[in-house]
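Open the model in your viewer and keep the selection tool at hand. The tour goes from one selection to the next.

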Amino acid sequence: MARTIAAALTPLRDGGASLDLDALHPYLEFLAGAGIEGVLLLGTTGEGILLSLPERKQAISNATPGPLPVLAHCGAQSTADTAALAAHAAQEGAEAVAVIAPPYFRLDEDALLAHFAEAARACAPLPFYVYELEAASGYAIPVAVVERLREAVDNVAGMKVSDSPFAKVAPYMLEGLDVYVGAEALIGEGLGAGAAGAVSGLAAAFPEVVVAAVRSGDSTAAGRLRAVVERFPRHAALKAVIASRGVPIREDVRRPLRGLTDDERRELLAAVSS
């Protein structure tokens, strides 16, 4: 059965300057109660790339004893930090590790392979997932790198592919890999092509909508709702929605991300409740 994994928000306080760990477990309980089967922690939706290494380790340590399996996103700018986070996730009981291609420098195939291989070995035998998001990394991971990585290490389990349209996802649908779709509008098409499920940022605040999309194979409503959220600063918008649902998460985001204006908040909450 296809899995629905939420790309979780990271609760913050003090204007986004500090982790709000008191809010983490109530939030994870909320997701579990809505049918979510696991969380991608510290990914794009979780502002992971903006947090310090100690903060990311602390968040992983606090989430793994919680109610949901944790897929820890350990991608960082340097290989050393990435491998350190991956090793920490394995030590703390994460279910799996995911790593995005490092942004800023456009790495060639050999550099990417070495980076992913070191991260995968650092968490072995924990399952390792390659996280493909061209819009964030600035370049796509060549399929050849994924194939070479599978030959180099033993624990490559799959990928999270958040590209769009589906023509950009299809090349990664390799036999023997569990591929999770990131773009909610593509969930139905992805499942039809053999995807293992969805790892969804929308599910961070609307878990029941994405659970329904994965179970039914109809992602029309999820795609439409994601388009509404994208009209606003996304991280603050998802936090405002989840707070409006009674979960004790502040809207605080880590700078340079920005919060919502009062007008944006009113417009957002009216739009998603209609």
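Select Arg-3, Ile-5, Leu-71, Glu-95, Tyr-129 and Tyr-180: these residues line the second largest cavity. The model is a predicted one. The volume of this second largest cavity is about 40 Å³. By class, its lining holds four nonpolar residues and two charged ones, with no polar residue.

How many cavities of 30 Å³ or more does a search of the whole structure find? The search finds two.

Next, go to the largest cavity, which holds about 50 Å³ of space. To see its lining, select Leu-9, Thr-10, Pro-11, Leu-19, Asp-20, Leu-21, Leu-24, Leu-41 and Ala-59. Seven residues of this lining are nonpolar, one is polar and one is charged.

Helix α1 spans residues 24-33, and its buried residues are Leu-24, Tyr-27, Leu-28 and Leu-31. Why do they lie on the same side of α1? They do so because they cover an arc of only 95 degrees around the axis.

Now show what the buried residues of α1 pack against. Two strands are on the list, β1 (3-7) and β4 (38-41). The helices to select are α2 (53-63), α9 (207-216) and α11 (234-244).

Conventions. Residues numbered from 1 in each chain as written. Predicted model: local features only at pLDDT ≥ 70, side-chain atom pairs only at ≥ 80, totals over all residues. Heavy atoms only, no water. 1 Å grid on protein atoms, 1.4 Å probe; cavity = no way out; pocket = protein on both sides within 12 Å on 5 of 7 lines; lining within 4 Å. Points joined across faces, edges and corners; volume = space filled by probe spheres on them. Nonpolar A, V, L, I, M, F, W, Y, C, P; charged D, E, K, R; others polar. Buried < 20%, exposed > 50% of the residue type's maximum accessible area, 1.4 Å probe, protein only. Helix = DSSP H or I, 4+ residues; strand = E, 2+ residues; numbered from the N terminus. Arc of directions from axis to C-beta. Contact = heavy atoms within 4.5 Å.
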